[in-house]
Amino acid sequence: MSILSEIWSRATEPLPPPEQWVVWTTAAVALVVVLSPTWRVARHVVTIAHEGAHALLALLTGRRLSGIRLHSDTSGLTVSYGKPRGFGMVLTAFAGYTGPGLVGLGAAFMLRQGYGVGLLWLLILVLALMLIQIRNWFGLLSILVSAAALVAISWFASTQWQTAAAYLVTWFLLLAAPRPVIELQASRRAGQARNSDADMLARLTPLPGLFWVCTFFVVTVGALVLGSWWIGAWSIEDLPRF
C-alpha cells in the first residue's frame, strides 16, 4: 500500500509550469517526430490512442467489447458487438480518428492545471486497461513497451524530466492527430481504405465519406489549436497590440 500511496501523492500534487524553453523544445521534438521517418515507429502510439478511443466509445454506448488488435504496419482493429446501426455505432466509428487529438486535448488540460505527473500515471492506467483487451502478440508488445517507458519515467526520473515527458507526449498527440486523417484521404483517393471509419460512417449515415474525413480533420486541428493555447505555446497576452 505504501507504493500506491506514493504514486497517488505524486500524481495528485500540482506542479508549477515549466520554463517556456521546455514547452517549445518538447513541441519542436514532437514536430520532428511527426514529420520525419521516425513517424513510421511513432505512429504506433497514435494507433493505440485510435483503437483505445473506439473501445471506450463502444463501452460507453452499451456495446460489448470483444478485443483489440494492433498490427506491425500501424493499423489496428477494435471489435465490438451490438446493434449494427444507430447512434452508438456512429459514435464508436467516429471516435477513432478524432481520439488521438481529443486525448491530446485532455492531456493539455491536465498540464494547464499542473498535473503533468498525474497525466503520466493516468496514461499508464489506460494502457493497463487496454492490455486486458489485446488479442495479438504485436499488440501486447506495443502496450507493454509503451507502459514500461511511462513507468520508468514516472517512477525513476526527476520531476523536471517527468514534466518534460508529459509535455512531449501531449505535443505529439496534438501534432500527430491530423496526419492519419490526411493519409486516410490519400488512400481513399487511390481507391484504397474502402472499409475505413469514414466509409463506415458513410454507410451508417446519409453523409458521404469525404464529409467525415473533413470532420475528422477539423476536430483534430481544432484540438491542436486549443491544446497549444492551453499549454502555453502562445497566449492572447503574447499577441502584438496596436
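The structure is a predicted model, in which local features need pLDDT of at least 70 and side-chain atom pairs count only at pLDDT 80 or more, whereas totals for chains, interfaces and linings use all residues. Residues are numbered from 1 along each chain as its sequence is written, and side-chain values use heavy atoms, with hydrogens and water left out.

Helix α8 itself comprises 12 residues (178-189) and reaches 17 Å from its first C-alpha to its last, close to the expected 16 Å, where the expected span is 1.5 Å times one less than the number of residues. Its buried residues are Pro178, Pro180, Val181, Leu184 and Gln185. Seen down the axis of α8, these residues fall within an arc of 160°, so they line one face of the helix, the arc being that of the directions from the helix axis to the C-beta atoms. Gly191, which follows α8, has a positive phi near 85°.

Helix α6 (residues 137-156) has 20 residues and reaches 28 Å from its first C-alpha to its last, close to the 28 Å expected. Gly139, Ser142, Ile143, Ala147, Leu150 and Ser154 are its buried residues, and they cover an arc of only 115° around the axis, which puts them on the same side of α6. On the other side of α6, Trp137 and Phe156 are exposed, that is, over 50% relative accessible area. The buried residues of α6 pack against α1 (2-12), α3, β1 (64-70), α5 (116-133) and α7.

The axes of α6 and α7 come within 8 Å and cross at roughly 145°, axes being lines fitted to C-alpha atoms, for helices over the stretch in contact, with angles from 0 to 180 degrees between N-to-C directions. In this pair, Ile153, Ser154 and Trp155 of α6 meet Trp161, Gln162 and Ala165 of α7, contact meaning heavy atoms within 4.5 Å.

The axes of α4 and α7 likewise come within 8 Å and cross at roughly 145°. Their contact includes Pro100, Val103 and Leu111 of α4 and Tyr167 and Leu173 of α7.

Terms used:
Helices (H or I, at least four residues) and strands (E, at least two) are DSSP runs, numbered from the N terminus. Buried means under 20% relative accessible area, exposed over 50%, partly exposed in between (1.4 Å probe, protein chains only).
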